[in-house]
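Here are my notes on the model, point by point. Please read them with the structure open.

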Amino acid sequence: MALDEPLELSKGAIGGKPPTPPQVEQRNSRVALLFLAPTIALLGIFLVYPTIYTFALSFNRGRRGEFTQWVGFDNYVNLFTKDPNFIDLSKFPPSGALFNNILWLIFYTSIVIFLGLVLAVMASRVRYESIIKGIVFLPMAIAATALAVIWTFVYHPDPTLGLLNAILGIVNIGPISWLGDPGFVNASLIAVGVWGSVGFATVILSAAIKSISSEILEAARVDGANEFQVFRGIILPMVSLPISVLAVTLAVNVIKLFDLVYIMTNGGPGTSSRVIAFTMYQESFPGGLFGKGSAVAIVMLLIMTPIMLYNVRRFRTSSVV
Amino acid sequence: MAKFPRFLTLPVAVVMLISACGGGATPAVPAASGPAASTGTGASQPAGSAAAGGEITVTSLWGGAEQENFQKVLDAFKAKTGITAKYESNRDNYATVLQTKITAGNPPDVAILPGIGFLRRFAKDGSIKKVSDLGIDVAALQPNYAPGILEIGSVDGQLYAIMVKFNSKSTFWYRPAKLSAAGVTPPADWDAFTAALGTLASKGDKPLGLGAKDDWTLTDWFESIYVRQAGPEAYDKLFSKNGDWTDPSVAAAVKSMTDVLNDTNVDGGIKAALGRGFVDGIAQAFSANPKADMYYEGGFVGGIITGQVNKAAKLGTDADWFDFPSINGNKGVTIGGDVLAAFTTKPGVKEFMEYMTTAEAGTVWAGTGAIISPVKSVDVSVYPNDQTKREAAQVANATAVRFDGSDLLPGGGPNLGAELQKAIQGQTVDWASFQAQIKTAWDNE
Amino acid sequence: MSGTSDALAGAAVGERPQTLSGRIVRALNRTPIHIALGLVALVWLSPTIGLLVTSFRPRSDIQATGWWEVLTTLRFTTDNYAGVINSQGMLGAFINNIIISVPSTLLPLLICSLAAFAFSWINFPFRDTMFLIVVGLMMVPAQVAFIPVLQLMKPFGFTNNFIGIWLAHTAFALPFGIFLLRNFFITLPRDLIEAARIDGASTLGVFRTIVVPLSVPAIAAYGIFQFLWVWNDLLMALVFVQNAANNPMTRQISTLLSQYGTEWNLLAAAAFLQMLVPVLVFFSLQRYFVQGLLAGSVK
C-alpha cells in the first residue's frame, strides 16, 4: 500500500541520528508569503494581538475587559502580596495556585513520561500491543465534562458509591474524601490528568523505541548486559529526544491546564486545588477583574518562557532548525 | 453608602408581606403597553409599544425542571401579549457567557441574575438598562411590593433590576418519623438544637447530612447563624462596604457553626462532606435509604427531595422543616432570590419586565411550587403544598428578613464559601487577610 | 526476563519457539508483563466501564449503590438515553457538532500543511525565527483571546453564525499543528522533491503532488487529534457560539440539568453519546494516528 511507504520513511528518520537539515531549495519570499498568509493573519488576530492586549490590560482596572482606568502595577502587587490564594509563602509547605501548578508540573509531567515509557516497553513485548495502546489512549477521546462524571463514581467519598473507597473499605481503610480533603485533592486531580495523558506518551514513546534497531539490542545482550542495563544504556539515550519534546509539550499544556480543575473541583475545597489558568479565568470572568486576570496571564507566560527557550535550544542542538 | 438603606427597609418589607399574604389586595398592574407608561424618562430610546408577534430572549442558569416551571410563566406572557420570550439556559459559566455576549454585541434582552454582586457589577459596567430607561414608571411599581423589595434591585439609588422570586433559607429539613422515634421535638432555639443533635447521635446515626462541596451551603449556614447570633444590624454592616470581617462576631459565628458541623454530627464526617455535592447531601437524609436525620438548606429542598432524591417521598410525612433555631432570641430569616434585569430596550422588553411584576405572573410561577413570589398580591392559596405555604408565611411573619449575604458581596472578592470550607476542617481562617481582600474588591467595584 | 533471546522490538513477537519447553519458558518469562498490562487495562478501563454501566442504571439505583452492584442486582433501563436523545434540541445539537467540527478540523489541516511546507522546504528570510515564534505561541492560553477577539468580531456578527467558532478553533490549532507537521515534512526525502523541481514542478505542485501524498499519516493523525479536541470542547463554544440554535452537544447537555441538580443518570448517558463519534473515529483511524503522531513529535 501507498500508506506503508511514508510509514517506513518516518521510522527510518527516528533512529537517533539527526536528520540532514533541508538545504536551500529555492529562495522565494513571495511564494513563502502566500503559503504563510492565512497563518500569519489568524495568529496575528487570535494570538498575537490578544497577547499584547492582555499585557496592556494587566496595568488597567479592565472593567468589562476594556481599558477603563490605568492602575500601574497594582494588579501585580495585589496578586503577589494580597492574594494568598495565588501564592502564599508564609507557611510551609507553601500553598496557592502557583504552588499547585508547580506540583502539577513536576508530578504530572514526570509520571506521565515514566508510565508512558514503561508501558511502551512492556506493550512491545506482547501480541496484544495495539489493544493495550488503544485502551490507554481511550481517555483522549473523552470530553472533560464526561471525565468529571466518570471520576465522580471513582472518587465519591461514600464507599457505597465511590469505587476507590469501596476497594479501600475491603481492607478497612478510609473512606477518604479524595476531592474534599485538601491533602488529597491535588494528587487526585493529577491522577486523573495522568490517566488522561499516558496514552499520548505511550504511543509516541512506543514508536520511538521501535525505531531502535534490534541488532544493537541483540549485541548488547550477547555482551552480557541485563535488561535493565539495556534499558539504561541503549533505550533511554535513544529516546531522550522524543522524551524531551514530550516533556515540553506536556509542561506547556499543564501550565495552561484549566478544564479539569474547573469541572472537577472548581478550585476547591476552599481554594486548595486552584491552578494558574483557573485563577486567571476566575478573576476575569466570574470576578469581573479583567485587569488582575490579565496580570495572572502575563505571569503565566513568564513562567512558560524558560521552558520554551529550553525547547528552542534543544532544537538547535539537534540541528533540526 | 447608597446601598445601605435597603437593609434597613427590608424588615419593613416583611410586615407588609404579612398583610399581602393574608389579604387579597388588588395589584396595581401597569397595563402592558399602556400609553402613559411609554412616555419614559429614560435617556436612551424608550421601548416602543407592544411588539405583538415580536420576540425577545430571556436567559438564566435554570435548566431541567426549573426551566419547565419558568417556561409556564413565559407561555402565559405569550398568551397575554403575543410576544414570544425565547428562553436560553446557560447553566455553566454564567458570568462568562453574559460578559462575552455583551462584548460581542449580542446581549440577551433580559437576564435573570443570580446574586446582587453580579447585578452591581453589570450595572456599574453600564451593561444593564435602568428600569426607568425602559419607559417603566418605577413609582407605579412600588404598590406591587412590600417596601424594601424593589430596593434589592437598586444600585446607587437607581432601580436596575426587579426581584422575581425568592426562597427562604431558614428552613431546616428533617425526617419527622426519625425525630419522634428518638423523642426529639423540632428544636426552637440553638440550645435545644444542640441537645437534639446529641440525643440523635446517641441513638447511633449521625444526625446531619452535609454537601459542602457546593460551598454556598456553608455560606447559608454561616449567614443563618450570624443574623441570629450577631443580630440583623450587624449582618447588614458585615455584608456591606463597611463590613469588618475581623470583628469577633464573625469568628464567634464560625465557632457556633463548627460546633455543630463536625465529625460527631455529620454523617460520613467533614472530609467526606467536602467531597459531596448539595443534592447528595440531601440524599443522605432523604433518599430511599437514608442515614442522616436532618439537612439544612432553603425551601427549595422539598422540591428536590420529591423530584430528584426520592420520588416516592411525601412531604409532611417523609420530610418536613422547622425554623432554623433561634439564637439569643433572634429569629431573623435569610432569603435567597434572583433579580430580573434588562440588557436592551428592544420592543417587548418593557412589556416583559412589567408582566413579571404582576400577580398574574407570580401566581403562575408560584403555582409550580418552585418559588415564593415577592409580588404582594399573590395569594398564599396558590402554593401547591403545605411546606411552601408555610415557607411564604415564615418569611412574611419574620421579625427580620435579610438577603443572602454572600450574594451581596462583590464578585471579584475572596470566596467566603472557600474560607468556610477551611473552617469546618478545623483550619484557622485568616480573617485579616480576608478583610484586606474584600476591602480591595469593594473599592474596585 | 534476561533469559529470553527476544529483541525488544515488536517484530520479534512473531517468532515462536519450536519446542514445548521453549514455549513454557517464554510464557513464564512474560507472565509478570501480562499481569502488569492486565492491571493497567483494568485501571484504564474501569472508570469508563463504570460510566457505561451507570448510564443504563435507573436513577434511584445510581443514587443508592455503586455501579459494580450490577453484578448482584441486574436492573437496566434505557430511560436515561431516551431522556437525552428525546430532549428538545439534542438532535440539532448533534448536527451542530458536526457543522462545527468538520471545518474546524479541515481548515487547520490545510493551513498548517501550507505553513509547515513553507517552514520546511521554502527558503526565505527569518524562516527559523518565524517558526520559533509560531511554536512559542503554543504558550498563549485561549482565555486571553476572548474579549479582544470578540470586540473585533462584533461588527461582522461572526458569533451569530459558525464563522466565529471555526476561526477560533482554527487559529488556536495552528501552533501545535504547524510544529507537528513541519517536523514530519523535514523528514521527507530530499531527492524526491528535488527531482520534481528539476522536472519543472511549481512550489505548489511539489506541495500537492509530493509532500501531501507522502504525509497522509501525519496529516491524518493531526486531523484526528484536532477533531477530538473540537468535538469535546466546551469553553470555546461557550464564548464563540452565541446563537443558541447553533449550540453543540456539550452545551445542550448542560441545559438538561437543574440549577442544583446532580442528574448523574442523564449526565452518564449524555457523556456516552458524546463519546461515540470520537471513539469511532479514533478506532477506525487509529493506525494513522499512532504512526503519524510519532513522526511529528519525535523529531
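1. Chain A has 14 helices and zero strands. Here helices are DSSP runs of H or I with at least four residues, strands are runs of E with at least two, and both are numbered from the N terminus. The elements of chain A therefore read α-α-α-α-α-α-α-α-α-α-α-α-α-α from that end.

2. Two housekeeping remarks. This is a predicted model: local features need pLDDT of at least 70, side-chain atom pairs count only at pLDDT 80 or more, and totals for chains, interfaces and linings use all residues. Residues are numbered from 1 along each chain as its sequence is written, while chains are lettered from A and ligands numbered from 1 in the order in which they are written.

3. Of the 321 residues in chain A, 54% are buried. Buried means 20 or more other C-beta atoms within 10 Å of the residue's own, exposed means 12 or fewer, and partly exposed lies in between, with C-beta atoms placed from the backbone. Contacts between residues 24 or more positions apart make up 61% of those in chain A with a separation of 6 or more. A contact requires C-beta atoms, placed from the backbone, within 7 Å.

4. Chain A meets chain C through 95 residues of chain A and 99 residues of chain C. On the chain A side, helix 2 (residues 29-57) gives the most, with 17 residues. That side has 68 nonpolar, 16 polar and eleven charged residues. Ala, Val, Leu, Ile, Met, Phe, Trp, Tyr, Cys and Pro count as nonpolar, Asp, Glu, Lys and Arg as charged, and the others, Gly among them, as polar.

5. Chain B holds 18 helices and eleven strands. Buried residues are 62% of its 445 residues.

6. Helix 8 (residues 216-229) and helix 17 (residues 416-424) of chain B have axes that come within 8 Å and cross at roughly 80°. Axes are lines fitted to C-alpha atoms over the stretch in contact, and angles run from 0 to 180 degrees between N-to-C directions. So helix 8 of chain B is roughly perpendicular to helix 17 of chain B (65 to 115 degrees). The contact has six nonpolar, three polar and no charged residues.

7. Chain B also has an open sheet of three strands, order 8-7-9, with antiparallel pairing. Pairing needs at least two DSSP bridges between two strands. Strand 8 (294-296) and strand 9 (320-323) of chain B are at the edges with a single partner strand each, so one side of each has no neighbour in the sheet. B:Phe172 stands opposite B:Tyr296 in strand 8 of chain B.

Methods: Contact = placed C-beta atoms within 7 Å. Parallel < 35°, antiparallel > 145°, perpendicular 65-115°, else oblique.
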